[in-house]
Amino acid sequence: MKKLVIPILILLISLHWICAPGGQAAEENEIYIIQVNDAIGPGVADFLKSGIKQANEDSAACLIIELDTPGGLAESMRVIVKAILASSVPVVVYVAPGGARAASAGVMITMAADVAVMAPGTNIGAAHPVGTGGQEINKTMSEKVVNDMVAHARSVAEQRGRNADWVEKAIRESVAVTETVALKENIIDLIARDTDDLISQLNGREIKGKGRLDLAGANKKTLKESYRTKILKTISDPNIAYILLMIGLAGLYFELSHPGAIFPGVVGGICIVLAFFALQALPINYAGVLLILLAIVFFIMEMKITSYGLLSVAGIVSLLLGSLMLFDSGSPEFRLSLKVLLPTILLVSGFFVVVAGLVFRAQISRPRTGAGGLLDEVGVVKTGLQPEGKVFVHGELWNATARKPIGEGTKVRVVKVENLVLEVEALDETDGG
């Protein structure tokens, strides 16, 4: 396993340099724009948080977040909301283009903006939380989760001077409204056809605690995702993270069962690191993780214990249950797909069972070389055993001894090997002596 350390360290250092954010100072009176058209997850939260940070460091005139989201993870939403509220640069959330929506977590992000704007033909709302698998949460837990979200949303809405009562309805009753109703009900501040129309309407607007926006002749700069964000968004897909975890466990399992193979261990180590990087950002159920690890223990025990397949069956069942329980999210975008889960379970379980079978067979099979490989071999006496002599066994001439005299040319069987001397017995004791 020590051979795996250097390749993994090289990978981590490379990822650090690749993913390190780089930026240039903003030009005078520059508007930063971030486009989000995805579910709210760890990757999006990292992207928006770093974009807000860059806008503040570069003293941008303002930051516009063009948002189109079906919702996502509550924890990622809170990260974004905290970053928006802490920003010294005015943050504008613009639900666009036409046909876009700010649902679920998108509602709270819009409410947190200094200026909330929607394009014609968009909608906002439907923020009621759901449980794992999209099912309703049990009554007691639902009350706790909903009350917590309502308190958070009302606090943000009141801080921004928006309709806190409607936000509560969006969470408790999953109500949703169009842009015209949202403007009328004081949910948003403006309706803008496009980004240029938005900037025109923002110019000269007074932002509470942040001064007056002077956007006349301002340059627009669209912030792009860094390599770090792209990697995080890719592997934070539960299906990708799950496949990486399975490949990593299979690779390390193969390396432990066949020491010195190197390649499977290196691949397994890299995949495990990437999987853990993704899992720490995803809502996981630790009971699922423990069941998956327990499955690996069962497969390892199968190599050591003759269970006639019972441990393999236990490992497969444990792996299946752990996989089903692994991700704890009510958002469909952050649940494991059965189309990925079932084939992966079949392939990985088959791999574990085959490798365990090969190792077990190797342990119980008869040695082919060395002293153990000579036992029960048949040879011919070349020099009569009185009781010592020489026999020809396995293509070689050996010193041998026998408990009874055996004549030259007699076929013998090796019964013991000690200090390079064979103890033999005649195949047909009546021919001896």
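I count two strands as paired if DSSP finds at least two bridges between them. Helices (H or I, at least four residues) and strands (E, at least two) are DSSP runs, and I number them from the N terminus.

**Entry 1: ground rules.** I am working on a predicted model, where local features need pLDDT of at least 70, side-chain atom pairs count only at pLDDT 80 or more, and totals for chains, interfaces and linings use all residues. Residues are numbered from 1 along each chain as its sequence is written, and side-chain values use heavy atoms, with hydrogens and water left out.

**Entry 2: β5.** I started with β3 (residues 91-95), which runs parallel to β5 and is joined to it by four bridges. Which residue of β5 is the bridge partner of Y94? I found V117 there. I then looked at β8 (residues 190-191), and β5 pairs with β8 too, in the parallel sense over two bridges. V117 turns up again, standing opposite L190 in β8.

Next I checked the side chains of β5 (residues 115-118). V115 and V117 point one way, A116 and M118 the other way, and all are buried. My cut-offs are under 20% relative accessible area for buried, over 50% for exposed and partly exposed in between (1.4 Å probe, protein chains only).

**Entry 3: the barrel.** I traced a closed barrel of five strands in the order β12-β13-β14-β16-β15, with mixed pairing. From one strand to the next, the twist averages 55 degrees; such angles run from 0 to 180 degrees between N-to-C directions, with axes as lines fitted to C-alpha atoms, for helices over the stretch in contact. I also looked at β12 (residues 378-383) against β15 (residues 411-418): they pair in the antiparallel sense over three bridges. G379 has V412 in β15 as its bridge partner.

**Entry 4: a three-strand sheet.** I found an open sheet in the order β4-β6-β7, again with mixed pairing. Its edge strands are β4 (101-103) and β7 (176-178), each pairing on one side only. The twist here averages 15 degrees from one strand to the next. Between β6 (residues 123-125) and β7 I see antiparallel pairing over three bridges, with I124 bridged to V177 in β7. Helix α4 (residues 105-112) lies across β4 and β6, at about 105 degrees to β4.

**Entry 5: a nonpolar patch.** V313, V317, L320, L321, L324, M325, L338 and L342 make up a nonpolar surface patch with about 670 Å² of accessible area together. Patch residues have over 30% relative accessible area and no salt bridge, with like charges joined within 9 Å and nonpolar side chains (Val, Leu, Ile, Met, Phe, Trp, Tyr) within 5 Å. A salt bridge puts a side-chain nitrogen of Lys or Arg within 4 Å of a carboxyl oxygen of Asp or Glu. Areas come from Shrake-Rupley with a 1.4 Å probe, and for residues only the protein chains shown count as cover.

Which helix gives the most to the patch? That is α13, with six residues; α13 (310-325) and α14 (338-364) each supply at least two. I looked up L321, which is found in α13. Why does L321 count as partly exposed? Because its relative accessibility is 41%.

**Entry 6: whole chain.** I count 15 helices and 16 strands. Of the 433 residues, 44% are buried. Among contacts (heavy atoms within 4.5 Å) with a separation of 6 or more, 66% come from residues 24 or more positions apart.
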